[in-house]
Amino acid sequence: TDDFGVSLIDEGVIAFGTGNPDETVKSEKTVNDGSWHHVAARRNGESGEVAIFIDGVKSVTGQQSTQDLDTQSQIYFGNNPCDVSNNRQYFDGKLDDVRIYSDYISDSEIDSTLTTPKHPFASWKSDSGQDLKPLAHWTLDAGKGQKIYDAVGERDGKLGGSLNRESSDPKWLNDCRFKGCLEFDGKDDHVVIDNAGDLDDNETISAFAWIKRDEIDSRQAIF
């Protein structure tokens, strides 16, 4: 499908893919060192420029097509259900504070705002004074229950894709980058986000998350 996704590949580098056929760029920096890292993936829908940032520092840039994106009505945290050949790319690690914007977030904004030690606000002022508010913001701070909540909209998600407790539910943790987070086991844990079909309507995408991962020996989908 003509969508987008962020994954861990090649022993710990970040991959950002868009479109159909998939066009992917890979970070130069690895993130599989057991520490928290801020990952930002950005696509300019007009020029096709894409970039990956690790901890506020640009790691790679690339050029992709400017084709329209078409996100499915559901998106997933912790796996890629379409990639059956790679065991759906189940993520083995911790995930915190996931946000998606339809704005082109500048290099300086990513560096100065998104890597601060305090929990980031849902919106802030851009370099030019523009209000930057995410299309979706999952703080992952609930700490219990079967749902994750979108702080700015109606794109809530279900652990394991169900309101019933399942073995495929990721684990709630309190010792995280911020208040709370989810830990995925790399076997079948995942989260299903509903009402996600309009996340790419503006074709420009900036997507952010904090992740924590040790070793990696396979391709693993973050979101």
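H37 touches K29, V31, I54, D55, A209, W210 and I211 when residues up to four places away in sequence are not counted, contact being taken as heavy atoms within 4.5 Å. The model examined here is predicted, and for that reason local features need a pLDDT of at least 70 and side-chain atom pairs count only at pLDDT 80 or more, whereas totals for chains, interfaces and linings use all residues. Residues are numbered from 1 along each chain as its sequence is written, and side-chain values rest on heavy atoms, with hydrogens and water left out.

H37 is found in strand β4, residues 36-43, where strands (E, at least two residues) and helices (H or I, at least four residues) are DSSP runs numbered from the N terminus. At 5% relative accessibility H37 counts as buried; the term buried denotes a relative accessible area under 20%, exposed one over 50%, and partly exposed anything in between, with a 1.4 Å probe and protein chains only. Among the residues touched by H37, D55 is also a polar partner, the two side chains making a polar contact at 2.7 Å. Such a contact is a pair of N or O atoms within 3.5 Å, in which, within protein, one atom must be able to donate a hydrogen and the other to accept it, and residues adjacent in sequence count only if both atoms are side-chain atoms.

D55 itself lies in the loop between β5 and β6 and is partly exposed, with a relative accessible area of 26%. The two flanking strands, β5 (residues 49-54) and β6 (residues 57-63), run antiparallel and are joined by six bridges, two strands being regarded as paired if DSSP finds at least two bridges between them. Within this pairing V50 stands opposite G62 of β6. The hairpin has two residues between its strands, and D55 takes a positive phi near 55° there, although D55 is not a glycine.

W210, another of the residues in contact with H37, is buried, with a relative accessible area of 4%. The ring of W210 pairs with that of F178, the centres being 5.8 Å apart and the planes at 85°, so the arrangement is edge-to-face. Rings of Phe, Tyr and Trp (its six-membered ring) are considered a pair if their centres lie within 6.5 Å, with planes under 30 degrees apart classed as stacked, those over 60 as edge-to-face and the rest as tilted. This pair links distant parts of the chain, since F178 occupies the loop between β14 (171-173) and β15 whereas W210 belongs to strand β17 (residues 205-212), 32 residues apart. F178 is likewise buried, at 11% relative accessibility.

An open sheet of four strands has the order β3-β2-β1-β18, with antiparallel pairing, and its edge strands, β3 (23-30) and β18 (220-221), each pair on one side only. Six bridges join β1 (residues 4-9) to β2 (residues 13-18); along them S7 stands opposite A15 and I9 stands opposite V13. The hairpin of these strands has three residues between them, among which D10 takes a positive phi near 45°. On the other pairing, β2 and β3 are antiparallel over five bridges, and the bridge partner of G17 in β3 is T24.

In a regular strand the side chains alternate between the two faces of the sheet. In β2, V13, A15 and G17 point one way and I14, F16 and T18 the other way, and all are buried. Six of the six residues of β2 are thus buried, so the strand is largely enclosed by the rest of the structure.
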